Amino acid sequence: MPDMKDKYEQLNQVIAELKDQPGALMPVLQRAQGIFGCVPMDVQKIIAEGLGVTLSEVYGVATFYSQFRLEPNGKYTISVCLGTACYVKGSQKVLDRLSEELQTPVGKTSPDGLFTLNATRCLGACGLAPVMTVNDEVYGRLVPDDIPGILAKYREKEQA
């Protein structure tokens, strides 16, 4: 795994390669996210300086497009469906319980770095409402009291 110095060198190479191209900001941000897994403020500053644009321009693009993350994802990404069928059957309560158990607001990563919590629209499993996924694993017909056991399963994997 490359160390941070190598990652910054890669970023500088990307900037040097693309800086003279019109519209270089988007591809530089995409490549930076590929290198770092996200585009935190220190990376945005390097991009701004390297491309000769303002930090606010870089930040504006990074926060406008949902493909960019300002902080790293956890090992497990939890997505709770808030589409109509799931919402009517209580998915908001499931999401609230997850947020409480993880001590993490929606759109953020838990303090232990394991879980990123997201709210989504239809996951395509309306018959199992309310539904959530943890990475590629689907959980359906959830109630808030299911959440501690599900999280424990992933935490136990980490301790094994």
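Is Tyr-65 buried, exposed or partly exposed? Tyr-65 is partly exposed, with a relative accessible area of 35%; the classes are buried under 20%, exposed over 50% and partly exposed in between, using a 1.4 Å probe and protein chains only.

## About the model

This is a predicted model, in which local features need pLDDT of at least 70 and side-chain atom pairs count only at pLDDT 80 or more, while totals for chains, interfaces and linings use all residues. Residues are numbered from 1 along each chain as its sequence is written, and side-chain values use heavy atoms, leaving out hydrogens and water.

## Aromatic pairs

Searching the whole structure turns up four aromatic pairs. Rings of Phe, Tyr and Trp (its six-membered ring) pair if their centres lie within 6.5 Å; planes under 30 degrees apart are stacked, over 60 edge-to-face and the rest tilted. One of the pairs joins Phe-64 and Tyr-65 edge-to-face, at 4.9 Å centre to centre and with 85 degrees between the planes. Phe-64 is exposed, at 65% relative accessible area.

Tyr-76 and Phe-115 make a tilted pair, with 5.7 Å between centres and 35 degrees between planes. This pair links distant parts of the chain: Tyr-76 belongs to strand E1 (residues 76-81) and Phe-115 to strand E2 (residues 115-120), 39 residues apart. Strands here are DSSP runs (E, at least two residues) and helices are runs of H or I with at least four, numbered from the N terminus. Tyr-76 is buried at 7% relative accessible area, and Phe-115 is buried at 0%. Together with Tyr-154, Tyr-76 and Phe-115 form one aromatic cluster.

## Two nonpolar cores

A nonpolar core is a set of buried Ala, Val, Leu, Ile, Met, Phe, Trp, Tyr and Cys residues joined through side-chain atoms within 4.5 Å. The largest has 20 residues, and Leu-29 and Ile-47 have the most contacts inside it. Helices H1 (4-18), H2 (25-36), H3 (41-51) and H4 (55-64) each supply at least two residues of this core, with H2 giving the most, six residues.

Not counting residues up to four places away in sequence, Ile-47 touches Leu-11, Ile-15, Leu-25, Val-28, Leu-29, Ala-32 and Val-58 (contact means heavy atoms within 4.5 Å). Another core, of 19 residues, lies apart from this one and includes Leu-114, Met-132, Leu-142 and Leu-151.

## The sheet and its helices

Four strands form an open sheet in the order E2-E1-E3-E4, with mixed pairing; two strands pair if DSSP finds at least two bridges between them. E2 and strand E4 (137-139) stand at the edges, each with a single partner strand, so one side of each has no neighbour in the sheet. Strand E3 (residues 132-134) and E4 run antiparallel and are joined by three bridges, and Met-132 stands opposite Tyr-139 in E4.

Helix H6 lies across E1, E2 and E3, at about 160 degrees to E2. Helix H7 (residues 147-159) lies across E1, E2, E3 and E4, at about 160 degrees to E4. For these angles, axes are lines fitted to C-alpha atoms, for helices over the stretch in contact, and the range is 0 to 180 degrees between N-to-C directions.

## A closer look at Ser-91

Ser-91 is found in helix H6 (residues 91-102) and is buried, at 0% relative accessibility. The Ser-91 side chain reaches the backbone oxygen of Cys-81 at 2.8 Å. Leaving aside neighbours within four places in sequence, Ser-91 is in contact with Val-80, Cys-81, Leu-82, Cys-86 and Pro-130.

Conventions. Polar contact = N/O pair within 3.5 Å; in protein donor to acceptor, adjacent residues only side chain to side chain.
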